[in-house]
Amino acid sequence: MNTIFDSVVTEPLKDFFQKFLKFMPNLLSSVIIFILGFVAAWILKIVISKVLGVLNFDRFCEKFGMTEELARAGIKDTPTNLLSRILYWLVVIVFTIIALSTLKVPAIENLIEAFFLYLPNLFIAALIIIVGYMLSNFLGRATLIASVNAGIEFSSLLSRGVKTIIFLFAVAMALEQLGIGRETVVVAFTILFGGFVFALALAFGLAGKDIAKEYLEKKFKAKETEKRDELKHL
Amino acid sequence: MFNTMAENSVILEKDIREKLNELKEADLLVGIPSFNNSITIRHVVKAVEAGLSKYFPNQKSVLINSDGGSKDGTMDVVRDTTTDFDTILVDSREGFFHKMVTPYHGIPGKGSAFRTIFEIARLLDVKACAVVDSDLRSITPEWIELLIKPVLEEGYDYVSPYYLRHKFDGTITNSIIYPVTRALYGKRIRQPIGGDFGFSGKLASFYLSKDVWETDVARFGIDIWMTTTAVANGFKICQAFLGAKIHAAKDPGADLSAMLYQVVSSLFDLIEEYAPMWKEVKGSEPVHTFGFEYSVGLEQINVNLDGMIEKFRLGMKELSPLYESFLPEDILKPLKDLTEKPKETFSMSDDLWVKIVYTYALACHKKIMNREHLIKSLTPLYLGKVTSFVIEAWESTAEEFEKRLEELCIAYEENKPYLIEKWDENV
């Protein structure tokens, strides 16, 4: 009777208890790492805020129109605060993952390995989006000013077109980096871009032929008048 | 002596160094920067040689052609050009004249060409120098006299050119460069970006000592830089009336906004550099002018007023979000009102224009956005002011126009406290 009780109850309990005892240090270090993560994230947040403040990061974002875009998206925070908060949560997530990996649970370990392998892609994609966004703003504004100075009536449209195409291009590149629907994204972008140009050509050539005619006539006449302009600016 | 060349990193060709070693020193130097000017430079070289022979026969003179790598044989033209002294009533050259042709090194641009000229002037320890453009058609031997004599005989350090120009020529100079230079630095130099200057050997060495040769000064903006550096550093300044300035036609496709950017950007750079100096300057004073001044009748020229008004309106419509980010309401409102005005009543007040220019200078100083975008966005507003000015001065004589320009200059001087007050304010 005793032997049966031992093999059915005592042994498994003993086994579980031993496993639990073996697991306890892992759990403890996991909890400590998790708490440390919050502390490290908090310190990093303060340091990053100070450094970005010294570097005038908010002014830089304002210059490239990022603050304006954030406000338009309903984000009232300054770019410095936003970035330091993002970094705060990034550190917390990384520490959480490390904490989970210290538990040494095979299923979690596999997941974490996959995540860490994927992480560089995430960073590169984020970088592509940020650079693409800044570049789209910069070139959009350059196009707007240049086309206004050239006397082009639909300058805003042209500027928005340049901005959208560059940003879409960046998004397509980022998605390709993440491996999300790799072929679909490339094909979709090609179709979208090609379609956009084709639609523009059609709209301008067929539907808007009168407008096109009027515009070209106006431009041509304007050129003629400009030729007669004898004003010397320098 | 020549070791300093390396220190200053002005690279001179070996044959030039040998010639300079032979020459040792000279009294006068005239520099001609060039780049593909084979058609026009012959006349300039002749005028310079004739001027030096006729007016400075007893001085040891050197002509330097500092070339930017011309492919059309400009340097050969300079080498081969000879002057017929009989036609200018000079029997023969009594003094010493030497001609040197050298390519310049460094960033391509007029500034780098000038740097080589300054370096040669320093090495030859010259008393007086002049620089003249290589595309001039109206240069006469008298220009050399007028640019050099005030330095050589009157003790001036810098001679700024004063040309006879049509009232609607040089609108960037008239509406921005001249009045801003005058209001900020206190000297009434009518054409600060003229392009042909006279200066002392001492000033040439001073220019050379400045650490600007890797900046935009080397590319463009050397003219305003030379004038402002001379004024702001207390050198003795005067003007020389040279008559009409006619030069080879500029590229008709040259973009106005690019031109405006280059000139205004250089002006704003200098405002930044000399802020402690100009904040202390009050009012302005005339500078002595040499030469026999005269004026001629003004023929009417074609001005596309409708086109300029259209561009002003388009700019106000399309760029208003950009303007709203840094122009205050007391500037924006009258600008918006102006878009509604027909050509007949189109008028931008001097005060409004002056505040626009000063606010742009402040925006550049506070780096609120990309500098090139910012300055190029001034183009439609500048066209608005030019239109207003042309309409107002359509029937004016040259004298009446100068009086009107004087009013604009006074507006710049009166509004200077606005610039000073906002300069050190945080955004």
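Tutor: Helices, of at least four residues, and strands, of at least two, are DSSP runs numbered from the N terminus. The model discussed here is predicted.

Student: How many helices and strands does the secondary structure of chain B hold?

Tutor: Both kinds of element occur in chain B. The counts for chain B are 20 helices and 10 strands.

Student: Why is chain B described as being as compact as a globular protein of its length?

Tutor: For 427 residues the globule rule gives 22 Å. Chain B comes close to that value and is therefore as compact as a globular protein of that length, its radius of gyration being 22 Å.

Student: What share of the contacts in chain B with a separation of 6 or more comes from residues 24 or more positions apart?

Tutor: Two residues count as in contact if their C-beta atoms, placed from the backbone, lie within 7 Å. Among such pairs in chain B with a separation of 6 or more, the share from residues 24 or more positions apart is 86%.

Student: Which strands of chain B stand at the edges of the open sheet?

Tutor: The sheet has 8 strands with mixed pairing, in the order E3-E2-E1-E4-E7-E5-E8-E10. Each edge strand has a single partner, so one side of it is left without a neighbour in the sheet. These strands of chain B are E3 (96–103) and E10 (289–290).

Student: Which helix of chain B packs on the sheet, touching E1, E2, E3 and E4?

Tutor: Within this sheet, E1 (residues 28–34) and E4 (residues 128–131) of chain B run parallel, joined by 4 bridges. The helix that touches E1, E2, E3 and E4 of chain B has a direction at about 160° to that of E1(B). That helix, spanning residues 110–123 of chain B, is H5.

How values were computed
Residues numbered from 1 in each chain as written. Chains lettered and ligands numbered in written order. Predicted model: local features only at pLDDT ≥ 70, side-chain atom pairs only at ≥ 80, totals over all residues. Rg over C-alpha atoms; globule rule 2.2 N^0.38 Å. Pairing = 2+ DSSP bridges. Axes fitted to C-alpha atoms, helices over the stretch in contact; angles between N-to-C directions.
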